[in-house]
Amino acid sequence: MAAVPSTMKAIVVSAHGGPEVLQYTDVPVPRPSAGQVLVRNEFSGVNYIDTYFRTGLYQAQLPLIPGREAAGHVVAVEGGSTLVSHGQRVVYMQDGTYAQYTAVDVEKLVPIPNPIATQQAAAVYLQGLTAWTFVRQAADVKPGQWVLVHAAAGGVGLLLLQLLRGSNAKTIATASTPQKCQLARSNGADWTINSHDPDMVAKVKEITEGHGIDVIFDGVGAATFDADLEMIAMRGLLVSFGNASGPVPPVNLLRLGPKNVKLMRPVVNGYIAERKALEKFASELFELVMLGVVKVVLHKTYPLSEAARAHVDIESRQTSGKLLINCD
């Protein structure tokens, strides 16, 4: 195996701003500390949250290397480890993955099962764990419930639809184009509504025969929140997990009272903070991939040098499925 170089290519953000602040440059290869390993990243996932740290909506110390997940192979182990070995293929969630190498806490690493390709693991990991824990833990969706998924043709949206298909829920998807609505249907949606339709709330009430939605998964944010409160059923659950259209303004809790609405803002990290939980949910997710229940829809893979283009594309909200960066 080739020796680890002293420098690597990475994307660095030194000031908040648009995609143009994503600078492709040379930086030192990180040195793993005790309890860490060095991973040669092959693919890094692009997630909407990456744009929040780039713009400063979410705070982080600058300069920073963006990215929250990657898959590759172990090239150096500091102090020994029983969880992974040199050369092993792994996937993980940690900051700083728009780079050729990352020093990763060993407790965050998950070995990639042999039937699953490294690119496939990178594409499904963070968004798949998000969708799986939200369906199982956040919402605990029951058969027969009415469920609505906003931005259903996105990476998380498509995975939510695939996982909900096995729950026997009645699923409505919103998406911005006829093509995206068709993609949502092919991934498990029972009904679709164009998200630009001014009569969306009325159509939801018509489809549900006045019942409304028992569980709403909303990764859009500001643009859909008011409609959510109109569409939601009595004692419904609103799972708000993204800000694609901007963050939801401060909410007067009295607005939840008329229908006894439950509102939550879950983050996947909280469900997998313990090693046992991480292993459990990752194992279940990979099993669903190997069984064909979960199928990764890959929008595009970008060279590391074109990370800015990936951000332009994901912020355009014209993509469908997962965006990846090739770190080679």
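Arg275 sits in helix H8, which covers residues 275-291. In this predicted model, Arg275 has a relative accessible area of 18%, so it counts as buried, since the cut-off for that word is under 20%. The side chain of Arg275 reaches the side chain of Glu279 through a polar contact of 2.9 Å. If you set aside residues up to four places away in sequence, Arg275 touches Leu83, Val106, Glu107, Lys108 and Leu109.

Phe286 also lies in helix H8. Is Phe286 buried or exposed? With a relative accessibility of 3%, Phe286 counts as buried. Not counting residues up to four places away in sequence, Phe286 touches Val91, Val110, Pro111, Pro113, Ile116, Ala121, Val124 and Tyr125. Take Val124 as an example: Val124 and Phe286 are 162 residues apart along the chain, yet their C-alpha atoms are separated by 8.7 Å.

Now step back to the whole protein. Its domain assignment gives domain 1 as 7-127 + 273-326 and domain 2 as 139-265. The C-alpha centres of the two domains lie 28 Å apart. Where they touch, 17 residues of domain 1 are in contact with 19 residues of domain 2.

The size of an interface is often given as the accessible area lost when the parts come together. Here, domain 1 and domain 2 bury about 1300 Å² between them, and 55% of that is on carbon and sulfur atoms. How many salt bridges are there between domain 1 and domain 2? The count is 0, while 8 residue pairs are in polar contact between the domains. On the side of domain 1 that touches domain 2, helix H1 (48-55) and helix H2 (118-138) each supply at least two residues. Sorted by class, that side of domain 1 has 9 nonpolar, 5 polar and 3 charged residues.

## Salt bridges

For the model as a whole, the count comes to 13 salt bridges. One of them joins Asp328 and Arg40, with the closest N and O atoms 3.4 Å apart. Asp328 lies in the segment after strand E15 (322-326) and Arg40 in strand E3 (residues 36-46), so this pair ties together parts that are 288 residues apart in sequence. Asp328 is exposed, with a relative accessible area of 63%, whereas Arg40, at 15%, counts as buried.

Glu315 and Arg54 form another salt bridge, their closest N and O atoms being 3.0 Å apart. This pair also links distant parts of the chain: Glu315 is in helix H9 (residues 307-315) and Arg54 is in helix H1, 261 residues apart. Glu315 is partly exposed at 29% relative accessibility, but Arg54 is buried at 3%. Lys142 and Asp140 meet in a salt bridge too, at 2.5 Å from N to O. Lys142 is partly exposed, with a relative accessible area of 40%, and Asp140 is partly exposed at 40% as well. Elsewhere, salt bridges that share partners join Arg136, Lys280 and Glu284 into one network.

Why can helix H3 (residues 155-165) be called largely enclosed by the rest of the structure? Because 10 of its 11 residues are buried. Among the buried residues of H3 are Gly155, Val156, Gly157 and Gln162.

Glu230, in helix H6 (residues 222-231), is partly exposed, with a relative accessible area of 45%. Beyond its neighbours within four places in sequence, Glu230 is in contact with Val201, Lys205 and Lys259. The C-alpha atoms of Glu230 and Val201 are separated by 6.9 Å, though these residues are 29 residues apart along the chain.

How values were computed: Residues are numbered from 1 along each chain as its sequence is written. This is a predicted model: local features need pLDDT of at least 70, side-chain atom pairs count only at pLDDT 80 or more; totals for chains, interfaces and linings use all residues. Side-chain values use heavy atoms; hydrogens and water are left out. Domain bounds come from an automatic or database domain assignment. Contact means heavy atoms within 4.5 Å. Buried area is the accessible area (1.4 Å probe) that two parts lose on being put together, summed over both. A salt bridge is a side-chain nitrogen of Lys or Arg within 4 Å of a carboxyl oxygen of Asp or Glu. A polar contact is a pair of N or O atoms within 3.5 Å; within protein, one must be able to donate a hydrogen and the other to accept it, and residues adjacent in sequence count only if both atoms are side-chain atoms. Helices (H or I, at least four residues) and strands (E, at least two) are DSSP runs, numbered from the N terminus. Ala, Val, Leu, Ile, Met, Phe, Trp, Tyr, Cys and Pro count as nonpolar, Asp, Glu, Lys and Arg as charged, and the others, Gly among them, as polar. Buried means under 20% relative accessible area, exposed over 50%, partly exposed in between (1.4 Å probe, protein chains only).
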